[in-house]
Amino acid sequence: MEFKQAVEKRTSIRQFTSENIPVEDLKEMVRLGGSAPSVNNSQPWKFYAITNQDILQKMADVVAKKIGSLPENQSRVSNHIKKQTEWFATFFKDAPSLIAVTMSNYESVLEKGVTLDHNKINEVRKHPDIQSAGAAVQNILLAAVDMGYGACWMSAPTMASKELDEIFKTDSNYETVAFIAVGKPKQEKMPKAKKPVDEIFKLIN
Ligand SMILES: Cc1cc2nc3c(=O)[nH]c(=O)nc-3n(C[C@H](O)[C@H](O)[C@H](O)COP(=O)(O)O)c2cc1C
């Protein structure tokens with residue numbers, strides 16, 4: 001598939017067939033994710049592909065519990081909003097695979113020469129670690145489209161990342177920053193309309 005075609009075809013897929021994804025395909029998606037740019041080429045990531053349905057269900061239960069425990073505000077729709085968020089944070093339980101993106105601390109070159117600590121440098125550089133993770137996630141989403149799958153970037157489950165990490169994560173130096181649900185789309189979905197380029201582009205000449 002042409003690059004532009006994959007970019008324009010990609011849309012968030014949240015409903016999947018029950019068809020399993022061969023592990024080689026998951027590995028290939030992660031390989032392409034790992035070829036993304038990263039701060040200082042630190043490649044500070046590890047990816048876990050979770051395909052065990054019992055584990056996915058357990059993870060969804062933990063996320064649902066976390067969202068359920070969030071204090072409601074005065075709004076009449078508060079409970080409804082929580083329920084809706086719960087679905088957007090847990091639909092991965094019906095996906096054939098969920099990829100967890102975990103990140104470790106990178107060492108910034110600046111850290112070696114100034115008194116700013118790692119967290120401060122990360123803050124003033126607008127979180128290059130998270131930016132790197134985003135680049136890897138986007139590569140995985142596009143790889144999924146190219147390989148005939150559909151996927152959805154998910155940050156909502158990370159609300160329960162501490163509890164989730166205990167379920168699947170094996171390396172304590174890494175923090176889970178995003179998830180990607182992947183599978184064969186249940187139905188064809190039209191990509192969402194995006195802003196016209198003239199609205200988002202400005203040339204400073
Ligand atoms: C950082 C990030 C986090 C997201 N988290 C979630 C999520 O937790 N659950 C979900 O259903 N979609 C999530 N999405 C998908 C967005 O809702 C989706 O990209 C957006 O509505 C645009 O639709 P499109 O991807 O089909 O173009 C996330 C997207 C991004 C970029």
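**Stop one: an exposed lysine**

Select Lys126, which is exposed because 8 other C-beta atoms lie within 10 Å. Lys126 sits in the loop between α5 (118-124) and α6 (128-146); helices (H or I, at least four residues) and strands (E, at least two) are DSSP runs numbered from the N terminus.

The model is predicted: local features need pLDDT of at least 70, side-chain atom pairs count only at pLDDT 80 or more, and totals for chains, interfaces and linings use all residues. Residues are numbered from 1 along each chain as its sequence is written.

**Stop two: strand β2**

Select residues 97-103, strand β2; seven of its seven residues are buried, so the strand is largely enclosed by the rest of the structure. Ser97, Ile99, Val101 and Met103 point one way, and Leu98, Ala100 and Thr102 the other.

Now show the neighbouring strands that pair with β2, pairing being at least two DSSP bridges between two strands. Strand β1 (residues 45-50) is antiparallel to β2 over six bridges, and Ile50 stands opposite Leu98. Strand β4 (residues 175-183) is also antiparallel to β2, over seven bridges, with Phe179 opposite Ala100.

Key:
Buried ≥ 20, exposed ≤ 12 C-beta atoms within 10 Å, placed from the backbone.
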